[in-house]
Amino acid sequence: MRRVLAQCSKELAQFRRDKLTVALAYLLPCVAMMLYGFATRLEAKNIAVAVKNYDVGRYSREYVSTLYANGQLTPAYWKGRDVMTPLDLGVAKACIVIPPEFSRKIKQRTGAEVQVIVDATDVNNARVIKNSILATTNYFLQKEGLSQVRPLVRPSIRLWFNPGRKESLYIAPGALGVFLWIFPCLLSTLAISREKEQGTILQVYASSLTAPEFMAGKLLAYFLIGLTQAALLIGFSTILFQLKYVGNLPMFLLSLFAFLACSISFGLLAGSRTNSQSAAVQLVATTGFTTSLLLSGFMYPTRNIQVPLNYLSEIVPARYFVEASRNFFVRGSDFSSQLYIIFALSLAFVVLFTGASRLMRRMQLKA
Amino acid sequence: MIGMINTPLGNRSFKMQTKALISKELRQILRDKELLIMLVVMPVMQITLYSLALSPEVEHLQLGVIDYASSPTSREFVARLVRNQVFDIFDSGGSASTLSQKVKDGQLDAGIIIPPDFERRIKSERGATVQVLLDGVDANTAGIASGYIAQILQAFNSQLSTGTQNPKELIEPMVSYAYNPGLESKWFFVPGVLAMVLNLVSTLVSSAAVIREKDTGTLEQLLMTPVNSLQILIAKIVPLAIVLMMNVFISLFIAVFIYHIPFRGNLLLFLGVSLLAIIVGISLGISLAAFAANQRQSLLTSFFVNLPVIQLSGALTPIESMPDFWQKVALLDPLRYYVACVKAIMLKGVGIEAIWKDVLALLAFAVVLLVASSMRFRRQLQ
């Protein structure tokens with residue numbers, strides 16, 4: 001144990017001395033958090049929609065103003081007759097054509113067709129736009145007493161946890177999972193590969209320090225650093241994105257500890273596998289970044305991940321922590337319903353840490 | 001030296017020297033197995049990963065239903081909810097309280113509670129209210145799901161009040177999806193990832209090519225030869241651009257023939273724009289390398305630079321969805337112009353008349369970055 005502590009304090013001293021690494025450890029995560037937390041938005045708010053109105057009557061004018069009334073759609077203007085032009089030029093995301101005689105046909109109760117063309121290059125917002133236009137049309141029909149459909153069944157929709165549908169409440173806790181995965185493991189992988197590159201690892205090979213002891217020392221040191229990173233990042237995002245603690249604190253802390261241990265062990269593993277710092281950074285950055293960004297459910301729900309990647313996503317630790325983070329900051333789940341998260345993260349930690357120690361021990365023999 | 005270049009003899013030797021340097025660089029690149037693997041493997045890997053992993057589909061949401069009415073009408077209503085695969089029915093636990101607990105724990109995405117007097121209230125024309133609980137944690141999915149529920153209810157109400165599911169309403173919006181009628185999410189991600197990979201590979205490769213000479217000290221040797229720094233720079237850029245064009249072809253091949261993304265525009269325009277993007281990427285890489293002292297630093301700074309460049313490019317999330325401030329910041333992102341061009345050329349099939357602003361911006365970035373990076377590079381050499 002004393003040897004582990006000695007390793008740990010040596011590592012901490014080395015970390016403190018290297019200004020670039022310190023900046024990397026604290027500044028970069030905050031910048032990244034700000035960027036991802038603010039700039040990752042899936043649903044567009046001000047969607048430019050062009051209307052070509054060939055009608056002169058009252059209904060069409062009212063219909064158009066109803067379309068723009070709730071603020072989600074905003075008017076776009078263009079010259080020319082071809083309805084594809086505004087979409088081709090990208091000045092509008094949808095184009096609505098109201099035919100001549102629109103108002104007259106409504107008055108005569110024969111019905112009028114409105115042509116709606118939605119730019120579907122952005123699939124998600126194409127759905128949002130379609131839903132919005134259909135809902136507004138129905139609202140207009142009901143309001144003007146034009147609909148034959150009586151609203152016999154009405155929904156009373158309750159959005160739980162996030163009644164205002166603020167996307168930051170979804171993105172920010174998820175981003176915590178992404179960055180508390182990437183940055184702690186980046187530091188620990190640099191620690192191992194630096195020793196290898198500078199040759200100081202040979203002294204470790206020659207000493208009586210065992211591989212698990214060596215690794216445990218590093219793990220402890222970077223775990224402490226990881227905790228400070230987590231505290232900073234969580235505090236920073238709480239202020240920035242107005243997150244509130246609504247969940248079970250002991251549960252969240254346990255998940256956080258297990259997750260940090262996983263991240264650092266992954267860094268140690270990557271560091272032991274590679275021979276240079278740049279190779280180690282590249283390995284951690286690409287695998288860590290792509291897995292935590294793509295397979296953790298940070299952007300879209302994990303059930304949308306296709307075979308065979310969905311199996312891979314089951315073993316990505318970030319996925320479980322993203323879950324835990326959302327539970328704690330948004331959902332407010334209780335302790336017992338989240339036990340599987342602790343179980344999964346602890347299992348991942350044991351696997352990653354023994355993997356890293358084994359790898360180190362094999363090299364020790366070779367040396 | 002500059003005067004010498006202008007004489008015919010100087011001009012010829014300039015050309016010959018540059019040619020020799022270019023062939024040296026090209027040979028060095030082609031010998032580098034790691035680099036060639038990166039050129040081929042990166043696009044294949046990334047395009048596959050992103051297009052399989054990212055999907056904004058709203059379907060197979062887990063729905064729990066408590067039907068207190070348990071009447072023919074309520075059963076018909078439930079059947080309608082699951083008809084188009086947006087919702088799958090899961091165990092609700094039997095009561096309103098267990099259902100809401102399950103939504104709360106995240107075991108269910110949505111819950112619907114049908115009141116006992118459902119049938120009676122509909123028959124008496126007073127109207128019934130069904131309670132819909134939606135997990136709002138994922139704001140985007142919840143928004144689209146509630147839109148679907150509204151549409152299903154609308155169709156159900158039509159059936160009840162007019163006897164037909166699609167009665168002729170007085171205003172009929174005929175919605176069609178342009179460019180991507182099947183709403184394939186791959187069509188959104190693959191062109192974006194193609195652009196992203198090209199940017200990543202070109203910055204990485206070019207910064208590596210400069211840093212390697214710095215690290216091994218061969219840059220000094222190059223300086224002792226009669227070539228000037230401009231020639232060194234040209235010799236660095238030209239072969240890289242040629243090799244990176246290969247990357248463009250590989251990515252395009254994967255996108256079109258493996259992922260069946262349509263290519264509706266002009267290939268020459270696409271290649272021209274890609275060349276501009278390559279020059280931007282290479283210049284960015286050379287600048288990164290020029291500012292860094294060693295390979296580790298250049299890697300870390302490239303990590304630092306690529307993070308915002310990718311996130312703000314619109315490759316993964318649409319720029320229009322970003323808050324105003326970040327949309328303005330995104331104007332400084334060279335990659336966003338390339339992403340816009342690739343999407344417009346591939347999916348919309350438009351020509352230069354639609355994308356000239358993006359092309360111009362890309363051109364401006366290419367010129368500015370190229371001049372800045374070569375000045376920085378030359379200063380370091382002298």
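**Contacts between chain A and chain B**

In this predicted model, Lys93(A) and Glu320(B) form a salt bridge in which the closest N and O atoms are 3.6 Å apart. The pair meets the criterion because a side-chain nitrogen of Lys or Arg has to lie within 4 Å of a carboxyl oxygen of Asp or Glu. By that rule, six salt bridges are found across the interface of chain A and chain B. Polar contacts between the two chains amount to 43 residue pairs, counted where both residues are at pLDDT 80 or more.

On the side of chain A that touches chain B, the largest share comes from helix 6 of chain A, residues 123-143, with 13 residues. By residue class, that side of chain A divides into 58 nonpolar, 24 polar and 21 charged residues.

Next, the extent of the interface. In terms of contacts, 103 residues of chain A meet 98 residues of chain B. The size of an interface is often given as the accessible area lost when the parts come together. Between chain A and chain B the buried area is about 9,600 Å², and carbon and sulfur atoms give 64% of that area. The residues of chain A that lose the most area to chain B are Arg127(A), Leu152(A) and Val153(A), which together make up 8% of what that side buries.

The two chains also pair through strands. Strand 4 of chain A (residues 112-119) runs parallel to strand 5 of chain B (residues 171-178), and the pairing extends over eight bridges. Within this pairing, Val114(A) stands opposite Pro173(B), a residue of strand 5 of chain B.

Key
Residues numbered from 1 in each chain as written. Chains lettered and ligands numbered in written order. Predicted model: local features only at pLDDT ≥ 70, side-chain atom pairs only at ≥ 80, totals over all residues. Heavy atoms only, no water. Contact = heavy atoms within 4.5 Å. Buried area = accessible area lost by both parts, 1.4 Å probe. Polar contact = N/O pair within 3.5 Å; in protein donor to acceptor, adjacent residues only side chain to side chain. Helix = DSSP H or I, 4+ residues; strand = E, 2+ residues; numbered from the N terminus. Nonpolar A, V, L, I, M, F, W, Y, C, P; charged D, E, K, R; others polar. Pairing = 2+ DSSP bridges.
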